[in-house]
Amino acid sequence: MSKRTIFTTITPLPAGITRESVLETLHSHVEMIDLNPLVIERHPIKAPSKCTPEEYHAIWYEMTDKVQYLPGGLYSGKVKYSGCFHDLRNGLQTHVYAPLGLDIKGKWSVGGSLPHEPKEPVEMGLGVPKDGLYLREDVDMRCKIGTTTFVKKTLKKAHATLVDRLMEKAHLVERDLHNNRLSERGSILSYYSSSGPSSPGFPPSAPPPGPERYSRQDVNSLPNGWSSYQSLEYPQPSPPYTHSDFQKVNPYNPDPRYSYQTYKPAELPPQPTPAPPAIHSDIQELDSISSQRYR
């Protein structure tokens with residue numbers, strides 16, 4: 001006959017440990033297995049036939065524990081079992097199938113809030129800290145009645161060591177990140193301090209714009225027509241552009257501006273002189289009548 005046991009363990013996280021560093025370890029399944037002091041061997045396997053459809057797509061391992069049945073190492077043994085791992089947004093979910101009907105469902109999660117984050121309401125009756133982050137482990141275990149006490153005691157002791165190792169690893173991660181930030185910051189400051197002042201928009205190693213760049217040029221290397229390097233200090237006009245230069249560049253397309261042909265407007269054909277408008281015959285007759293009447 002099996003008995004169901006449910007318990008929760010809350011472990012406050014020290015200041016300086018971030019949520020990301022703890023989640024990084026929880027989502028590293030091999031590391032979580034190796035942090036357990038009972039595990040002496042592990043390797044990945046396919047999902048067994050007894051798993052649920054949801055657990056079929058999880059990540060499965062077969063593990064071997066070395067269990068001390070009597071204190072002082074008087075009697076110990078090895079237990080081989082299988083388990084799956086499923087990552088959550090704020091933690092990890094596990095399910096272990098062990099011999100003698102032992103079935104353990106676990107859930108690891110990171111809760112709490114940092115000083116710059118809004119505080120969330122805490123669950124009562126579990127001793128959850130009101131400030132800072134904490135690691136929570138929820139265990140739902142089923143085993144035979146005669147082995148419940150031993151299994152629970154062994155599991156809590158092993159997981160306490162696992163949590164201590166996890167926090168120590170998180171301390172090391174945060175220390176390395178902090179040292180890397182300081183080294184990068186120091187290298188940037190040393191780079192700018194060794195480069196000296198520079199004008200905005202120009203790199204420290206670039207020479208300043210202006211005639212100083214030409215002060216050391218060799219006079220012999222100057223183009224024809226330049227008497228000395230001092231003439232480079234000020235912009236000079238471009239040489240005149242002649243028709244011969246254009247012919248050298250475009251021999252088959254002479255510049256019309258320098259054509260030897262004079263421009264003449266097109267001559268139009270002669271137009272006939274328009275005849276005066278003809279007077280209507282009726283108007284001429286009326287004029288003759290009126291002139292006869294007034295004679």
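Rings of Phe, Tyr and Trp (its six-membered ring) pair if their centres lie within 6.5 Å; planes under 30 degrees apart count as stacked, over 60 as edge-to-face and the rest as tilted. The model here is predicted, so local features need pLDDT of at least 70 and side-chain atom pairs pLDDT 80 or more, while totals for chains, interfaces and linings use all residues. Residues are numbered from 1 along each chain as its sequence is written, and side-chain values use heavy atoms, without hydrogens and water.

**Exercise 1. Find how many aromatic pairs the whole structure has, and classify the pair of Trp 60 and Tyr 97.**

Solution. Start with the count: a search of the whole structure gives four aromatic pairs. Next, take the rings of Trp 60 and Tyr 97: their centres are 6.0 Å apart and their planes stand at 20°, so this pair is stacked. Now place the two residues, using DSSP runs numbered from the N terminus (helices: H or I, at least four residues; strands: E, at least two). Trp 60 belongs to strand E3 (residues 59-70) and Tyr 97 to strand E5, so the pair ties together parts 37 residues apart in sequence. Finally, check the cover: Trp 60 and Tyr 97 are both buried, where buried means under 20% relative accessible area, exposed over 50% and partly exposed in between (1.4 Å probe, protein chains only).

**Exercise 2. Work out which residues a cluster of ring pairs links, and whether Tyr 69 and Phe 150 are buried or partly exposed.**

Solution. Begin with Tyr 69 and Tyr 75, whose rings form a tilted pair, 5.4 Å centre to centre with 35° between the planes. Phe 150 sits in helix H4 (residues 148-195). For accessibility, Tyr 69 has a relative value of 34% and so counts as partly exposed; Phe 150, at 32%, is partly exposed too.

**Exercise 3. Trace the strands that pair with E6, and say how many bridges join each.**

Solution. Recall the rule first: two strands pair if DSSP finds at least two bridges between them. On one side, E5 (residues 91-97) runs antiparallel to E6 and is joined to E6 by seven bridges; here His 95 stands opposite Lys 105. The two strands make a hairpin with five residues between them, and Leu 100 in the turn has a positive phi of about 60°. Strand E7 (residues 132-144) is also antiparallel to E6, with eleven bridges, and Val 110 has Leu 135 as its bridge partner in E7. To finish, look at the cover of E6 (residues 103-113): eight of its eleven residues are buried.
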